[in-house]
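Let's take a walk through a protein model together. Have the sequence and the 3D view ready, and keep turning the view as you read.

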Amino acid sequence: MKAQKLYDITIVGGGIVGAATAYKLQLKYPHLHLLLIEKENELAAHQTGNNSGVIHSGLYYKPGSAKAKNCVDGRKQLVKFAREYGIKHDVCGKVVAAVEESELPFMDKIFQNGLANNTEGIEKINASQLKEIEPFVNSIGGIWVPCTGIVDFRGTTEKLAELVLAKQSKSKIVLSEKVVDCVHEAETSTIITSKNKYKTKHVIFCGGLQADRLAKKDNVKLKEKVVGFRGDYYNLTEQAKVKVKNLIYPMPNPAFPFLGVHFTRMVNGDVECGPNAVLTFKREGYNKTDFNIKDTLDALSYSGTWNLLFNHTKFAINEYRRAFSKKLFLKTLQRLIPSLTMEDIEPGRAGVRAMLLKEDGKMQDDFRIEYKERSIHVLNAPSPAATACLAIGDRISEMATERFVLDS
């Protein structure tokens, strides 16, 4: 393998966070020669290209957290970007529906969160108002969130990468090369991939599902570990699509670490229902029986995995049962739309999300970005990272300005 030209910054990971980081850096420093390395044969191959496509509002996140700030800022930037570059999107709004009286206190809490996070336009609505927006939903009221929408995240990622190359012809995007090592020398670093070696002054790791492993290659001491959770979706059949106008979410249960199944009208006209959340035995496995020995041993040898499962045993068992039972999945969906039948849903796709788990089984809830020597690591970028990608890109660009020498 022959050493290549010297790049100013190399970004490892071609998901939407990596692409947005490259885009923001190239805008701020047009003279820099950037390299973006993606191990798959296309950008946005994993979390970015396999999520529900929702533009999140900032309703659920703790006021003052990086999630809350970046979500609201990133959402506004994302919608503006989509409008400017013709990315498929629709700011259609969503309802968050309460079904039981016991959910009302938490509804008040997330509504106050939304106000504190400047989630514009939100309002509490009663059952009849919610029925006007989503006629088939059974509820006792809820929250109307007009600034939420849907977008083509894969198309957004591709456009971001295209704009990087348009801004600087000497920047480069490399596909189908897996980063296997990072070696730091006195003034430069060498990124070793499955096919080549690249010299670079600085490195930014945006590895998603592989974030902890990439950090380890760079000698970052990380107590936490990434554990993958697969989410399965069903699609509404053609005759059932009329039962969902836009986006329908349940009231989250604060005792559980996931939002619960929801209904999403996609940019291509499909309507998805899901996801559930089950521990996956392959970090990048999208089928129920996918298995990878390294990923499985990594997950099952880690105390954080077992502590999470012990802390949420009933939840975990129910999620696994629903993963293999259409009837049980339908029962969950009927909680919001009682008229749905077995004939109304058909198996859809699946996605895998990266969760940075602490040893006690608690999830690293907020974004986590750290600097080490000549590297920046995005160690945790859970939802709403896709929505917040441009704001995250701004933050990483700021860190690079503070830590790297970029003016020459």
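This is a predicted model: local features need pLDDT of at least 70, side-chain atom pairs count only at pLDDT 80 or more; totals for chains, interfaces and linings use all residues.

Residues are numbered from 1 along each chain as its sequence is written, and side-chain values use heavy atoms, with hydrogens and water left out.

Back to Lys-24, which has a partner. It forms a salt bridge with Asp-394, and the closest N and O atoms are 3.1 Å apart. (A salt bridge is a side-chain nitrogen of Lys or Arg within 4 Å of a carboxyl oxygen of Asp or Glu.) This pair ties together distant parts of the chain: Lys-24 sits in helix H1 (residues 16-28) and Asp-394 in helix H11 (residues 389-403), 370 residues apart. Helices here are DSSP runs of H or I with at least four residues, strands are runs of E with at least two, and both are numbered from the N terminus. Asp-394 has 25% relative accessibility, so it counts as partly exposed.

Now look for Asp-344 and Lys-243, whose side chains meet in a salt bridge at 3.2 Å, N to O. They also link distant parts of the chain, 101 residues apart: Asp-344 is in the loop between helix H10 (326-334) and strand S18 (345-357), and Lys-243 in the loop between strand S13 (225-236) and strand S14 (247-250). Asp-344 is buried because its relative accessible area is 7%, and Lys-243 is buried because its value is 12%. How many salt bridges are there by this rule? The count comes to 28. Some residues are linked in a network of them: Asp-212, Arg-213, Lys-225, Arg-283, Asp-295 and Asp-298.

Next, find strand S20 (residues 375-380). Six of its six residues are buried, so the strand is largely enclosed by the rest of the structure. Strands count as paired if DSSP finds at least two bridges between them. S20 pairs with strand S12 (residues 197-205) in the parallel sense over three bridges, and Phe-205 stands opposite His-377 in S20. With strand S19 (residues 368-372), S20 pairs in the antiparallel sense over five bridges. S19 and S20 form a hairpin with two residues between them, and Glu-373 in the turn has a positive phi of about 50 degrees. The side chain of Glu-373 also meets that of Lys-372 in a salt bridge (3.5 Å, N to O).

Another sheet is an open one of three strands, in the order S3-S8-S4, with antiparallel pairing. Strand S3 (54-55) and strand S4 (89-90) stand at the edges with a single partner strand each, so one side of each is left without a neighbour in the sheet.

Finally, head for the surface. Leu-297 lies in helix H7 (residues 293-300), and it counts as exposed because its relative accessibility is 52%.

Note on methods. Buried means under 20% relative accessible area, exposed over 50%, partly exposed in between (1.4 Å probe, protein chains only).
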